[in-house]
Amino acid sequence: MRRFAPLFAALVVCFWSTVSSAQTPDACASGHEFATTDCALTWHGITLYGAYDVGAGWVSHGLPVNGYNYEGESLVNRNGYQHRFLIAPNNLSQTGLGIRGKEEFLPGWSVVFNASTGINPQSGLLANASATDTINNGVPRSSYSEAIDGGRAGQPFNDEFYAGISSAHFGTLTFGRQRALGTDAMLAYDPAGGAYAFSYIGYNGTMAGGGDTEDTRWDDALKYRLTYGPVHFGAMYKTANGSGGCYSASATWTATTCTPEGAHNNAYGFDFGGGSGKFSADFVFQHFNQAISVLNPLLGPQSLSASYQSTTDSINTNPITGGVNLIDPNNTVYGIVTDNNAVMFAAKYALDRFKFFAGYEYVWQNNPSNPLGVGASDQGGYIMSGVEDNNLDSEKLVNIWWTGVKYTYRSKTDITFAWYQQRQNDFRVPPTCTPQSFRASCAGTLNEGSLFVDHHFTKRFDGFAGIAYSWVSGGLAIAIPHGPGVPYNYDNNFAPTVGGRFTF
């Protein structure tokens, strides 16, 4: 995406110098109006926007805070081991900054652009899920800080970075780094609005990414949106990018016998939706080739003497063999590669002061038809020093459903209850899963329930308080797919949180 920075800068300069100095109707006219309304910070057709969201929380089973982690610790974590008070970042929304513009160049036709990034309010660092893993590489499990996988990897614009053309009659076509169609649907149909502190599908992007959380945003992607009366349509295509690394099907391969792979991870998706009165619904399909799921650092590079293999099947405890240290394990990631398909249906309905939400997604994952190799590129410029292309014994099936209700009290206070569940099938060969032989490839369930209150003191500032409780069972309670598996330290987490948010 760095190659688009000069173009983006040129567009900004062009817009800034050519548009009228007249303010748009919703632009702020004074400091008092900015403080008391939700007017936009718009000048010469360009709008600056952002949010700052921070709070304090307590978790029953948590880890030391990691400055790169942008999702907090509300969800049950495989390595969480002790109760603790902590700073809770980005509870209702991601702290960050953005700039967007829309400028008409012909009647009904406009140029549009958007550039936005996420920042961790407690550390000032760019949101970076990959860094939470790499800084834990080689560290004993008992000494981990919070480590996650996610769709932001420290890019300058880790949320969105795109430009395009918009027509009043023919829709909008944009290109660049953009939120996946599943992410758009999650934000629209999640009762908690994607809140990291209170929403499983907001915290964990499996649903939004169509199978893997890194795919909540697509780089080098075309996106088309069209609205016609009460219905709307969306389509998205991601071009292949990056390096596929060096791959071999041999169990004793070396750097000289592996085959370099080309660009990888193209994807496509569609969205059909509409509304009537106070009811709306969307159907989303997403397909992603060579999707990457970065594993817990305990699975990644442990030391400079470790071996790495791009074709192992860790589910069946086959050892990782092959060339040693083909890629320096420092500052690299280790992950599972799959081809993913997902279909999702979601709906919501407003009744007086109540809003009801419900959704369901079905995901099926298979070993990639075109495998990746050691040295493949991951998001944010990170390199994979360990890759598993044959992780699945059979097709992995994931079911995710959610429901909830939001009640608005006296126009300024929202009370939200939400419930989420994820289920997976057995995707291992016999012997069958039993309580004595559970592995990460066995059927399992994750549940989360949350209840929170959000009070809007002004149009820009709100305060919130709530609780989330999550737990895992079966294969989803196994931390390590290698060998017989290592259970979660604790299979549940209770997380009350309070805080405030300022938006502009």
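Aspartate 184 is partly exposed, with 21% relative accessibility (buried is under 20% relative accessible area, exposed over 50%, partly exposed in between, using a 1.4 Å probe and protein chains only). This is a predicted model, where local features need pLDDT of at least 70, side-chain atom pairs count only at pLDDT 80 or more, and totals for chains, interfaces and linings use all residues. Residues are numbered from 1 along each chain as its sequence is written, and side-chain values use heavy atoms, leaving out hydrogens and water.

So who does aspartate 184 pair up with? One partner is lysine 223, in a salt bridge with the closest N and O atoms 2.6 Å apart (a salt bridge is a side-chain nitrogen of Lys or Arg within 4 Å of a carboxyl oxygen of Asp or Glu). That pair ties helix α4 (residues 181-189) to strand β8 (residues 217-228), 39 residues apart. Lysine 223 counts as buried, at 8%.

Aspartate 184 also meets arginine 225 in a salt bridge, 2.9 Å from N to O.

## Another salt bridge

A search of the whole structure turns up 9 salt bridges. One of them joins aspartate 159 and arginine 179, at 2.8 Å from N to O. Aspartate 159 sits in a loop between α3 and β6, while arginine 179 is in strand β7. Aspartate 159 is buried at 6%, but arginine 179 is partly exposed at 23%.

Asp159 and Arg179 also belong to a salt-bridge network with Glu160 and Arg217.

Terms used:
Helices (H or I, at least four residues) and strands (E, at least two) are DSSP runs, numbered from the N terminus.
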